[in-house]
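Thank you all for coming.

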Amino acid sequence: MKIRKLAIALLAVSTSLSAFAQSPLLQDGKEAMYQRVLTTPSCVLKKDRQDPGVKVASLSRFYVYNQDGDYLTVGPDTTGKIAGLLPKSCTVDWKIQTSVLFTNPANRNRALIFQDKSHLQAIVDDKDPKAKVAPLMENLKNNKPSDGVISAEPDKFVDGKSHFYLLPILNFETGMFDDGNELRELNIASVTKDGESQEANDANAIRTFNSAVVFVIDSSISMQKYIDRTKQTINDIVTKIKKAKLQDSVHFGLVAFRSNVQATPGLEYNTKIFVRPGEAKDVDTFQKKLAKLNQAKVSSKYFDEDSFSGVNTALKELDWSEYGGRYIILITDAGGINGSDKLSTTHLDAKELQAEAKQKGAAIFAIHLLTDAGKNNQEKAKAQYEELSYNDTVHKSLYYPIPTGSVDVFGKAIDKASNVLASTVRKASLGEEVPGTSGDDPAANSTNKKLAQDARKIGRAMQLAFLGKKLGTTAPDFLEGWMSDRDLVHHNKANCEAVVLLTKNELSNLKDITSKLIDSTNTGLIDSDGMFEQLKAIAVSMGSDPNSLNPKSGIKLNSGNIGEILDMLPYKSKVTSLTEDDWNSFGPDEQNRIIEELESKLKYYQDCNDDADKWVNLNDDGDSAESVYPIPLDLLP
C-alpha cells in the first residue's frame, strides 16, 4: 500500500453568496447541535446545480441548511447566510468540533495513521506491540510502505499552539492495551501530500536557532544565598557565551517574586522583571541590572510565596516570539499560593499555568530547595511543581528537589542546566542538531545528571519545533484514517492532545456552568442535600428534563449546546457526573480541592476569552461570533 506524507493544513477561506434567514439543520437527536461538514480537495461550491462553481479550500467548515438528494445547501455560520450548494460526496460530517494537536515527537515513536480501525486494533490487542510496530517504524524511516498504514505525523514538530492547524476528529472509541493502559482510538481527517516535499537544508535552517533562558526566582527573606549563586551562574555563562560569540543567540532574563504586597506592603513587589531576554548581553550590563536584586527585608504572611505569579509574569509579560528555545527555571524553597487563596494575584493554579506554558512552547524547570524551614509544606509544594513542570515532550515532570537546600548542589544544578541549554545553541550554530535519546539513562541518578539529561531532550524537542516552523509545508490531498492517542509501544507517552473548539457563546456558557458548579459545591461543604437540590434547580432552569435528574446517578447540566458538547466528547467529566454518594464519600480536603480546581478553570476560561490572538476563524466568510478557541479536554469541568 502506498503511504502518503501527512502535512498540516492551515485554515483557509470559502466563498459566500447571498443571505438567507433560517437556521441550520439540527443533528439527529440533538436540541442545539447543528449539522456541520468539512470540505475535501474535490469540493466545488455552486450557486445552483448548473453552475460550474469555484474550488473550496480543504477542511473549510460549513453548516448544513438543507439536503436535497446529492447536494447540501450550506452556509459559513449559523446566522442564516447561505454560501451555495456542495456535493454531499465531497464532504465529511463533523459532529463535534474537536481536533488533534500532535505533541513533540522528539522522545517517542511518530504516530501512524491506519487505513481502518482493524489494523490499529490488531496492534492495540497484541501482547508484544513492539514486535509489530518496529518494522512499521523502520519502513517509515526508509520511506517504504507498510500494509494498512496510509500516513504518519510529520517528522518535524508543528507547534499548534502558536500556529493552529486543523486535524479534525470525526469519531472516536475508547480502548485498552493488553497491558491495561487506556487509549482513545481516533478517526481523523487530514490534508496530505504524496511523495517527498522539497525542504530547505536542515543544517542551514538550524543555524538560526536561538534561545531564551529566564530564571524565575523567589526573592523572599530566606533566599539571599540562592540569589547570589544564581547571579554567579548568569555571570559565568554569559562570559562563556561571549567568548563563543553566541551572545546574539542565547539570551537570559530574570523575574523575581515574593507575595501579595497588599497584605504585606513591606515586600515592595509581588513580581518584578529585572532583566528581559536580549536586554543584557555582557556581564557588566547584567550586574548593573541585578544590583538591586536582594531578598526581602520583611517576612511574607505565609511561608508559601506567589510563585505562580512569577511564572505567569514570565510567560505573559516577556516576548518569547523570536526564540526557538524557550526555557523557564523556577527557583524557590516554598510552595505556591493556591489560585483560590485571597492572596493569590493570578487566581491560577499549576494546571492552568502548565497549559499556558504549552501554549507558549516553553519548558518549565522547577528547582525546589528542601530547606528545614519549609519541611512542613514540602509534599504539597512537590505536588504543585510536579504538575506545573510536567512536559509532554519527555513525558515527565521537570522537577528537581535539592536535599537540605544545599547551595553547592543547587549551584552545580543550575550551572549544568544553563550550560546544556546554551550548548544546544552552540551546536545549532555549527549546523548540528542535538542528538535524540532513546530513553532514560539508568546512570543519571544525581540531580544535576537528571537535569542535564532532561535539558538535552528538551533542547532536541525545541529544535524539532523550530525546524518544523522553518521547513513546514502544506499540501492539496486528503485522507481519513485511524490513530492512537498514545505511543503504540510506550503507552505512557501521548502522541497528541485533543482539544474542543468552542465559539464565544459556547465558552460563555461553559463559564456560566462552571460558576454555578462552584456555587453549588460550596453549598455542598455544609449541606450535600442542598447542594444536589441546587444543582437540580440549575439543570431545570437550563432546560433539562426534571424527571431525568437523579443525585444517585449524577446530574447533567445543560446550557445552550454546551451540555450536548460535554456529553459527546471523548472524556469523562469529574464534576458533572458526581453522585451524592460520591460527594459524601470525599473528605473536606478532597471537596475543597474540587472547588479550587473549578475556580482555577473558571479563571482560565476568562483568560481564553480575553486572548484575542488565539481565536480561530474556521470559515473566513463566517460571522466573527463563530470564531473558536481550542480548549484542552482535561481543562473542562
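Predicted model: local features only at pLDDT ≥ 70, side-chain atom pairs only at ≥ 80, totals over all residues.

Is K603 buried, partly exposed or exposed? K603 turns out to be partly exposed, with a relative accessible area of 26%.

K603 has a partner in D607, and the two side chains meet in a salt bridge with a distance of 2.9 Å from N to O. Both residues belong to helix α15, which covers residues 588-610, and they sit four residues apart, about one turn of the helix. Salt bridges can also share partners, and in this way K117, E173 and E185 are joined into one network.

Let me move on to the pair made by E497 and K358, whose side chains form a salt bridge at 2.8 Å, again from N to O. Here E497 is in strand β23 (residues 496-503) while K358 is in helix α7 (residues 350-360), and therefore the pair ties together parts that are 139 residues apart in sequence. As for accessibility, E497 is buried, at a relative accessible area of 12%, whereas K358 is partly exposed, at 21%.

Then there is D68, which forms a salt bridge with R49, and in this case the closest N and O atoms are 3.4 Å apart.

Now for the backbone. Most residues other than glycine have a negative phi, and with that in mind I would point you to two places. L59, although not a glycine, has a positive phi of about 60°; this residue is in the loop between β4 and β5, and at 3% relative accessibility L59 counts as buried. The other place is T404, where phi is near 60°, again a positive value in a residue other than glycine. T404 is found in the loop between β21 (399-403) and α9 (407-429), and with a relative accessible area of 62% T404 is exposed.

Conventions
Residues numbered from 1 in each chain as written. Heavy atoms only, no water. Salt bridge = Lys/Arg side-chain N within 4 Å of Asp/Glu carboxyl O. Helix = DSSP H or I, 4+ residues; strand = E, 2+ residues; numbered from the N terminus. Buried < 20%, exposed > 50% of the residue type's maximum accessible area, 1.4 Å probe, protein only.
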